[in-house]
Amino acid sequence: MGKEGRMAGLADEVGLVLTGGGARGAYESGVLTYLHERVAPAVGVERLFDLYAGTSAGALNACAMAAGADAPAEMARHLQAYWRSIHLGRIFNFGMREVAQLPELFFGRGRRMARRWLDMGPPLRHAPHPPVAGVFDTQPLAQDMARLVPWEALQGHLQGGLVKGVALCVTELCTSKSVVFHQMAPGHAFAGYANQGREARAVRLGAAHALASSAIPFLFPAVQVDGICYVDGALRQNTPLNPVLRMGARKVVIVGLSRDAASRHRSARMGCRLNPMPGSLFLLGRTVNALSEGTLDYELSRLEMINSLLRSGCARYGDEFSELFNRAASPFRAASFREVQTLTLRPSVSLDRLAFEAVQEAPGEVRMPGAPGRLVGAMLRSEAVLDSGLASFLLFTPTFVDKCMDLGYQDAQRQHHALVAFFQAPAAGQG
């Protein structure tokens, strides 16, 4: 890949990791806008990243930024404009048709419907069943993704090497396996997995792969790709740090959607105390949070452990220690270990708290048409949903989105000097 848009001497193989979180993904848009409008000019470049990895809402944001890699500041503004245009009806529908389908959602379609599905012939015969349903119809989001991301431009950037690789995390529904859909530029490779619980699949990336990554089980319908049902990658790999390393990143910026562990635990315990008689919605909210929040801290601590081992070993035994270390690990791991620098941006204020404030300030934004829509609005305004954190995943409303984007911009601004120094410093092994 050439140095177009990059300063001579600036480290290559810089990755961007965007985590999942439904409507919380608006926070990432604020961070990305600051990075490309303020940090990139201060560093002296236009393009900051070579590699992109995302899960759920992060997958949608990552695809958009990779597709706009030739003009990233413009794409960041375009992405922000999209988030600002969001309202509940633009993401999903919930009307009488969805109410009528609730029995099917809970109990399935039965063997008779399954036989009818299998008899439909190509191109459906290779699928064991139709896509697993969800409470909400996400067709509006699917239509938006087809328009928001210039998919042909993404293909051009990958083929031309402007983008070295893109990876999106999903969960294969039938096997519960964590799958990484990826596409690499010519001359670059994704280091596969030896672990049977994870699989890397090379594909020509499109809207279906990004939508599959964001299909929250039960709430959103599964997305079928080549006859296989996939749901939200957050179930198994909400922080796609591992995929961006397997694409070759030496420096990584990670945008998380939750606060540090200690702050999260304090907030969660307060939510439990406020709900002495919690119901199923509260349990669902806590479950979604448990799946999405724990992986970032673990991945960062594991990466720092590897960095420390490599630094200490090379300091004690010389540079050949890294080769010996990887040779010993090769039977258990398909990729090589190397020292990687990271910088993490996280919300300075709980996004659950912002969701609570948004509902109090603009309760009308939570209303949807018809009796079923009123039921959804009442659910999102309920104490159980707000205190459990579930509301912040589903609150696709202008007020909440604005609060998240503004916070993302401000949090990145607070780390301006650290970000500039991070991008200007050579990667380990390159300086």
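Student: Where is Ser176 found?

Tutor: Ser176 sits in the loop between strand 3 (165–172) and strand 4 (178–184); strands here are DSSP E runs of at least two residues, helices are H or I runs of at least four, and both are numbered from the N terminus. Keep in mind that this is a predicted model, where local features need pLDDT of at least 70, side-chain atom pairs count only at pLDDT 80 or more, and totals for chains, interfaces and linings use all residues. Residues are numbered from 1 along each chain as its sequence is written, and side-chain values use heavy atoms, with hydrogens and water left out.

Student: What is phi like at Ser176?

Tutor: Phi is positive there, about 65 degrees, although Ser176 is not a glycine. Ser176 counts as partly exposed, at 41% relative accessibility. The scheme is: buried under 20% relative accessible area, exposed over 50%, partly exposed in between, with a 1.4 Å probe and protein chains only.

Student: And Ser56, is that one buried or exposed?

Tutor: Ser56 counts as buried because its relative accessibility is 2%. Ser56 lies in the loop between strand 2 (51–55) and helix 2, and its phi is near 60 degrees, a positive value in a residue other than glycine.

Student: Which residues line the largest cavity?

Tutor: Ser56 is one of them. On a 1 Å grid over the protein atoms alone, a cavity is a set of points where a 1.4 Å probe fits but cannot get out, and a pocket is an open set with protein on both sides within 12 Å along at least five of seven lines; lining residues have an atom within 4 Å of a point.

Student: What volume does the largest cavity have, and what classes are in its lining?

Tutor: The volume is about 120 Å³, meaning the space filled by probe spheres set on grid points joined across faces, edges and corners. The lining has 9 nonpolar, 3 polar and no charged residues. Ala, Val, Leu, Ile, Met, Phe, Trp, Tyr, Cys and Pro count as nonpolar, Asp, Glu, Lys and Arg as charged, and the others, Gly among them, as polar.

Student: How does the lining of the second largest pocket divide?

Tutor: That lining has 6 nonpolar, 2 polar and 5 charged residues. Nearest the pocket's centre are Arg198, Asn242, Arg246, Arg302 and Arg333. Helix 14 gives the most to the lining, with 3 residues, and the pocket holds about 290 Å³ of space.

Student: Last one: what does helix 20 pack against?

Tutor: The buried residues of helix 20 pack against helix 1 (26–43), helix 3 (72–84), strand 9 (341–345), helix 16 (351–361), helix 19 (390–394) and helix 21 (416–424). Among those buried residues are Phe400, Met405 and Asp411.

Notes:
Contact means heavy atoms within 4.5 Å.
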